[in-house]
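This briefing concerns selected contacts and packing in one protein structure. Please consult the sequence and the model while reading the points that follow.

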Amino acid sequence: MVSTKRQKQKEQTRLKIIDTAYHLYSLEGFSTPTNVIAQKAGISHGTIFVHFPTCEELQLSVLRQFVYEIGNKLHNLSCINDNISELLYAHIDVLEEYEQFYKKLISQISILPSESKMLLLSMQSTMSEHFLKILEPQQQLGKIKDIPLHMLFNAWIGLLYYYLQNGDLFAPGKSVLKKCRNELVQTYIKLISN
């Protein structure tokens, strides 16, 4: 019984570190020092390294949790049958919930371990799968331009990334995804439609 209580406490501490790191990475970026994370979590600095031997391992744990959560939500988009607008709006809804973190992630991916890039790619693959299931039949019906499907998806992701990276220009101090959602979806639909 003592070991079970100790295991629960250890897991709670681990989750507290991950949650605190997620919050700080969202605000300050992935170079946030571990001593700052420990201070905000209310634990000793050494406790972080009991759970995560390196800063990179902590970053990867935070990213794995993020990809798991967002992946589950993206998988729920599979219920959208053939309406590309609904899918795009649903995608924005999912990303909007994690906007600050996602914005930091895409702007700082180059400084993160290579496994981080693979995690981001796996998350995009989840979305791409649902995206292509809707676009391909629409393209075969002639409703969407004859552009390689992967390029149609990449154009959507590129549009989102551009707006996220330049959010202060489009929506100073606000959610760029919330403010520009209609414009993003409607413009993209016009660009790809025949």
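With which residue does Glu-115 form a salt bridge? The partner of Glu-115 is Arg-64, and the closest N and O atoms of the two are 2.9 Å apart. The model is predicted, so local features need pLDDT of at least 70 and side-chain atom pairs count only at pLDDT 80 or more, whereas totals for chains, interfaces and linings use all residues. Residues are numbered from 1 along each chain as its sequence is written, and side-chain values use heavy atoms, with hydrogens and water left out.

**Salt bridges**

- Seven salt bridges are found in a search of the whole structure; the term denotes a side-chain nitrogen of Lys or Arg within 4 Å of a carboxyl oxygen of Asp or Glu.
- Helices (H or I, at least four residues) are DSSP runs, numbered from the N terminus, as are strands (E, at least two).
- Glu-115 is partly exposed, with a relative accessible area of 35%, and Arg-64 also counts as partly exposed, at 32%; buried means under 20% relative accessible area, exposed over 50%, and partly exposed in between (1.4 Å probe, protein chains only).
- A salt bridge also joins Glu-97 to Lys-73, with the closest N and O atoms 2.6 Å apart.
- Because Glu-97 lies in helix 5 (residues 84-97) and Lys-73 in helix 4, their pairing ties together parts that are 24 residues apart in sequence.
- Lys-73 counts as partly exposed, at 28% relative accessibility.
- Between Lys-178 and Glu-96, the N to O distance in the salt bridge is 3.9 Å.
- That pair links distant parts of the chain, with Lys-178 in helix 10 and Glu-96 in helix 5, 82 residues apart.
- Lys-178 is exposed at 55% relative accessibility, whereas Glu-96 is partly exposed at 21%.
- Lys-178 and Glu-96 belong, with Asp-93 and Arg-181, to a network of salt bridges.

**Packing of helices 6 and 8**

- The axes of helix 6 (residues 99-108) and helix 8 (residues 149-165) come within 10 Å and cross at roughly 100°.
- Helix 6 and helix 8 are therefore roughly perpendicular to each other.
- Helix 6 contributes Glu-99, Tyr-102, Lys-103, Ile-106 and Ser-107 to the contact, and helix 8 contributes Tyr-161, Leu-164 and Gln-165; contact means heavy atoms within 4.5 Å.
- Axes here are lines fitted to C-alpha atoms, for helices over the stretch in contact, and angles run from 0 to 180 degrees between N-to-C directions.
- Angles under 35 degrees count as roughly parallel, over 145 as roughly antiparallel, 65 to 115 as roughly perpendicular and the rest as oblique.

**Ile-70 in helix 4**

- Ile-70 is located in helix 4 and counts as buried, at 0% relative accessibility.
- Beyond its neighbours within four places in sequence, Ile-70 is in contact with Val-94, Leu-95, Tyr-98 and Met-123.
- The C-alpha atoms of Ile-70 and Trp-156 are separated by 18 Å, the two residues being 86 residues apart along the chain.

**Asn-194 after helix 10**

- Asn-194 sits in the segment after helix 10 (176-192) and is exposed, with a relative accessible area of 65%.
- Apart from neighbours within four places in sequence, Asn-194 is in contact with Gly-142, Lys-143, Ile-144 and Lys-145.
- A polar atom of the Asn-194 side chain lies 3.3 Å from the backbone oxygen of Ile-144.
- Asn-194 and Gln-139, 55 residues apart along the chain, have their C-alpha atoms separated by 9.2 Å.

How values were computed. Polar contact = N/O pair within 3.5 Å; in protein donor to acceptor, adjacent residues only side chain to side chain.
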